[in-house]
Amino acid sequence: MIPTNITREHVLHAIQEIDISGVPSSREQTKYSLVWNGKLYPPKYTISIANKYANQEELDPSAFSGGDETNPFLNKLDFTVIDISQWKENTLYLKEIYDARATNENLQNIINSKNEVLSKYQPLFSPNHIPQLTAEEFSEFLDFKNNKHWSNLQRQKGILTQDMERLKSALFILVDESLPVRERLDKIRPKNEPSMVQGIGEAISTAVLHIIGPDKYGVWNSTSREGLKKAGFYPILKKGATFGEQYRAINEVLIVISRELNVDLWTLDALWFDYVTSQGDDNEVEGKDAIEEDTPFSKKIILDAIAIADTIVKIGLADKKLSQSPDAKVNQEKYNSTIKPLLLEFRQRYGNTPNIILKGLLEEYAHKNHLLDEFEIQNFHFVGQKVNPYVWAAITPIDALDRKSRITFSTQLYVSIKPSSLEFGFSYGEKVKNEDPRVEIFRSNGFLQKNLLDILNSYPHIQIFERTAEKSDINVTPRFFQGDFKTWTNECFIVENISKENLPDDVKPRLFKTFNTLLSIFKFTTYANEKERLERFLQNKPTAEKIFEKANKNNDSIENKKQVILYGPPGTGKTYSSVIKAHEIIFGNKDDNITYRLLQEKLRKQQKSTIDLSQLTWIQAIILAFDEINKEKVQVDEIKNSKIIQDFISYKNSQYISNTIWALLQAESKLDSITVKLKNKSGREYFDKDTDSNWYLTEKGKEFQRNLIDDLKAHPETSDSQFSFITFHQSFSYEDFVEGIRPELNNADESSIVYRVKDGIFKEICKKALKDPGNNYVLVIDEINRGNISKIFGELITLLEDNKRIGEREEIIVRLPYSNESFGVPGNVYIIGTMNSTDKSIALVDIALRRRFHFERLKVDYELIQNNDAKTFLHELNSIICALKNADYEIGHYYFMHIPVEDTGNQALKQVFSNQILPLLEEYFFNDWEALATILGRDAITIETKKKFVWDEDSGKFEEETGDYDKIHGRCLKSLDSVFESAMNNLVTKKSTQERNP
């Protein structure tokens with residue numbers, strides 16, 4: 001065992017002695033090495049010598065073990081240890097890449113650009129210039145064409161430069177050579193806290209370090225990380241190592257490798273790309289921060305990747321090995337001369353290689369669908385242990401066993417670019433056995449079967465495919481499937497396969513839609529052999545069927561921003577559509593026949609056992625706490641700590657729980673109580689207490705408790721529903737929406753008024769949603785533009801953004817002004833607003849709100865009108881309105897939908913016109929008689945000649961003027977019958993005549 005009193009200083013003394021005396025041949029390292037100051041030292045021998053400085057004698061090597069004992073010990077003392085079992089082989093391979101640089105134009109260009117880049121950007125990151133650094137200068141550095149070295153940094157420029165003052169502060173710390181590099185990095189990316197600047201990951205921060213200190217700081221990015229791992233040189237890190245501690249160790253390894261190769265750190269960083277691609281991987285995006293920006297995935301990218309896969313097949317490299325095979329040299333020459341240039345060209349054009357683009361695409365999808373806590377992304381390059389005729393990436397479960405080939409043991413949502421097509425969907429890893437529960441569940445679970453059949457019927461482009469006999473993940477063929485799940489096997493795939501000739505322009509949304517459709521199948525089958533996870537997946541759901549219904553919901557717009565505004569002219573069904581959309585969000589399926597009342601009834605039936613705590617009074621909550629505790633006598637602390645009170649107080653903003661409970665128990669106690677001496681009691685006499693301060697229910701209290709419980713069971717509150725509906729108006733305020741001070745009766749003395757902080761409707765729904773993460777909550781705001789939006793939403797404008805919600809990486813929690821509570825918006829809260837386009841131009845809506853809402857225009861749907869005359873009437877009417885004003889002033893179909901097909905004498909149409917349409921037209925075209933005549937016809941307007949009167953001095957009154965004068969004309973509408981007849985002639989009869997006589 002290693003003595004615990006050996007310190008870091010003792011080890012440093014041992015290293016100094018080894019530098020002077022050397023290492024005996026019998027004690028040289030074979031498996032691990034301690035890395036220090038660009039050199040390698042044998043860990044066991046170093047500790048043996050260190051013991052001499054700590055305990056006056058060299059430690060016998062048989063007294064302790066290497067590896068499992070020495071490595072953690074040295075890690076604890078902040079020393080770096082690496083595995084050197086492949087040191088000679090892999091450093092030699094890196095040296096060969098360097099020596100062959102003359103034949104590798106791309107590598108040679110990078111190496112030769114060192115002085116140009118350093119001379120240009122070292123002054124940029126000097127402490128003297130950083131205070132004047134501009135966003136344009138920093139963005140320029142991030143671009144590959146300028147830094148000549150790092151192709152992915154530019155993806156972060158939008159995030160990094162949005163707050164230049166914070167960026168400059170972080171950069172100033174980063175280049176401060178008075179601090180150890182570990183401290184600098186831990187300051188800008190502290191452990192368990194947000195970074196000083198979003199997006200400043202390892203690749204960008206260490207690239208800046210390398211620019212200012214090219215001889216001291218190597219670059220830590222995805223390429224160098226993968227290179228170190230594949231070479232076996234990745235440092236053994238202590239558990240919980242900080243960002244700075246990790247880099248310190250990695251940098252020490254990079255320095256020792258550069259010295260071994262006799263190259264500078266700039267050149268070593270350039271070598272990693274060729275080393276990694278030849279080993280079967282490639283450069284990737286800048287950490288998880290890159291997920292924030294949409295991954296480029298276009299038809300052109302796919303076609304270029306397909307061309308590479310097709311070339312691999314045509315030149316005979318498919319499934320061939322580049323090493324350790326009889327024809328390895330020939331294969332390597334083919335790869336270097338044909339495929340590698342294609343990959344380099346692809347990378348230069350699109351910023352990355354195909355497999356990393358696929359990985360970034362799935363990271364984006366997984367991030368948007370909150371999968372990264374339980375799932376990870378795996379990917380394959382064209383070159384692995386052999387040359388693959390495809391590239392591939394998949395979302396797979398995180399495997400606690402961390403098998404090297406764990407992907408082959410997993411279910412997966414995958415995407416693959418093949419020699420002639422793009423393929424994506426659900427599959428099993430090739431080592432998932434046929435008897436595995438994840439396979440068997442298709443043969444036994446009716447809900448799963450129904451869901452898959454519904455998908456196949458609704459989405460004909462999704463098919464069942466089957467792996468071929470070669471067991472290749474990529475060679476799958478269509479299977480004739482007729483719903484016989486008895487034949488389901490581990491070779492079955494549920495995928496969409498699109499040939500290169502049929503690739504759509506909007507391929508990314510199509511892929512994401514297919515993934516959304518198959519997501520519940522993927523999750524359900526993944527959890528099939530893990531009972532606890534499966535139960536968590538299904539908790540709070542009445543049936544598995546409800547889970548699967550959610551797979552088919554249309555969430556393109558509302559899921560992206562979680563709030564939508566439905567806008568359009570009057571009568572286009574905005575309110576009606578908002579209820580349908582709310583049903584879709586809550587239940588996962590669309591019901592065109594749902595109404596407000598039916599939705600409330602459906603939710604009420606689902607939540608019969610739910611108590612709406614937000615609507616309880618303090619007295620009711622305390623009475624229910626007695627029932628929960630189920631003891632005859634209780635203490636105040638027991639009431640306070642009961643679950644119902646703890647849940648209840650989250651709605652009440654009460655800071656003095658015990659005092660409130662104690663005061664109410666006294667106020668509602670028996671009038672003749674000998675233990676409660678309060679003078680002003682309510683007289684309801686629900687409680688009393690004994691001499692030991694144990695409270696109990698009186699007979700009146702027990703009766704009240706029984707009645708309350710019976711009432712809650714018989715009439716569950718609907719306000720705790722997942723659906724709430726409000727209408728904004730001119731006096732609607734922040735206090736109504738979020739929180740405000742409101743008067744209410746004093747619980748202890750109902751004759752007096754107290755002022756309390758009361759939650760607004762949006763705060764209430766957020767609290768409910770936070771406690772029920774398994775369900776979605778919807779708030780419909782009718783006439784959203786009629787309120788003062790900026791004042792109503794207040795600080796919530798920022799919190800509404802999807803990536804700012806609770807649980808997201810950019811989560812924002814604010815302190816509310818009245819209650820001083822912390823508040824955030826849960827991810828399962830949705831807002832649907834409606835807006836009449838004639839009430840207020842959408843251009844006038846607060847720009848901050850517009851940016852956070854998806855706007856969806858509802859158009860007039862003439863097909864919903866059954867009566868032909870009504871349909872023609874409305875169509876012609878809207879044509880004229882659009883010509884005179886614009887489409888915002890059209891009249892919707894809703895007014896005409898209930899006119900029967902057979903409308904004798906057009907009486908129903910006449911009533912709709914008189915009561916609803918004509919008032920709108922008079923409002924639209926107030927005092928514009930020419931416009932009204934154009935719409936309704938000239939026969940609808942009466943033109944009057946009015947008499948002119950003048951004052952007569954002699955008679956002392958107004959007299960009719962005689963003689964010549966300009967006659968005064970007045971205009972008005974004729975009787976309703978005449979106006980309707982004229983309108984019908986102008987809009988319907990004339991149209992019919994034109995159609996008969998074109």
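Figure 1. The protein exposes about 46,900 Å², and carbon and sulfur atoms supply 47% of that; accessible areas come from the Shrake-Rupley method with a 1.4 Å probe, and for residues only the protein chains shown count as cover. This is a predicted model, in which local features need pLDDT of at least 70 and side-chain atom pairs count only at pLDDT 80 or more, while totals for chains, interfaces and linings use all residues. Residues are numbered from 1 along each chain as its sequence is written, and side-chain values use heavy atoms, with hydrogens and water left out. Of the 998 residues, 53% are buried (buried is under 20% relative accessible area, exposed over 50%, partly exposed in between, with a 1.4 Å probe and protein chains only). You'll find 40 helices and 25 strands here; these are DSSP runs numbered from the N terminus, with helices being H or I of at least four residues and strands E of at least two.

Figure 2. The average pLDDT (the predictor's confidence in each residue, from 0 to 100) is 81, and 85% of the residues score at least 70.

Figure 3. Lys114, Val117, Leu118 and Tyr121 are the buried residues of H6 (residues 114–121). Looking down the helix axis, these buried residues fall within an arc of 95°, so they line one face of H6; the arc is that of the directions from the helix axis to the C-beta atoms. Turned away from the buried side are the exposed Asn115 and Ser119.

**Figure 4. Inside the largest nonpolar core.** A nonpolar core is a set of buried Ala, Val, Leu, Ile, Met, Phe, Trp, Tyr and Cys residues joined through side-chain atoms within 4.5 Å. The largest one has 66 residues, and Phe125, Phe138, Phe141, Leu171, Leu228 and Ile257 have the most contacts inside it. Helix H14 (residues 243–261) gives this core its largest share, nine residues. Leaving out residues up to four places away in sequence, Ile257 touches Trp87, Leu94, Leu228, Phe233, Leu268 and Trp272.

**Figure 5. Ser33 and its neighbours.** Ser33 sits in strand S1 (residues 32–36) and counts as buried, at 0% relative accessibility. Not counting residues up to four places away in sequence, its contacts are Leu40, Tyr41, Pro43, Thr80, Val81, Ile82 and Ile84.

**Figure 6. A few salt bridges up close.** The protein has 42 salt bridges, each a side-chain nitrogen of Lys or Arg within 4 Å of a carboxyl oxygen of Asp or Glu. Lys763 pairs with Glu739, their closest N and O atoms being 2.7 Å apart. That pair links distant parts of the chain, with Lys763 in helix H33 (residues 761–771) and Glu739 in strand S15 (residues 739–745), 24 residues apart. Both Lys763 and Glu739 are buried, and they join Asp759, Lys767 and Glu821 in a network of salt bridges. Lys910 and Asp977 also meet in a salt bridge (2.2 Å, N to O). Lys910 lies in helix H38 and Asp977 in helix H40 (residues 976–996), so this pair ties together parts 67 residues apart in sequence.

Definitions and conventions
Contact = heavy atoms within 4.5 Å.
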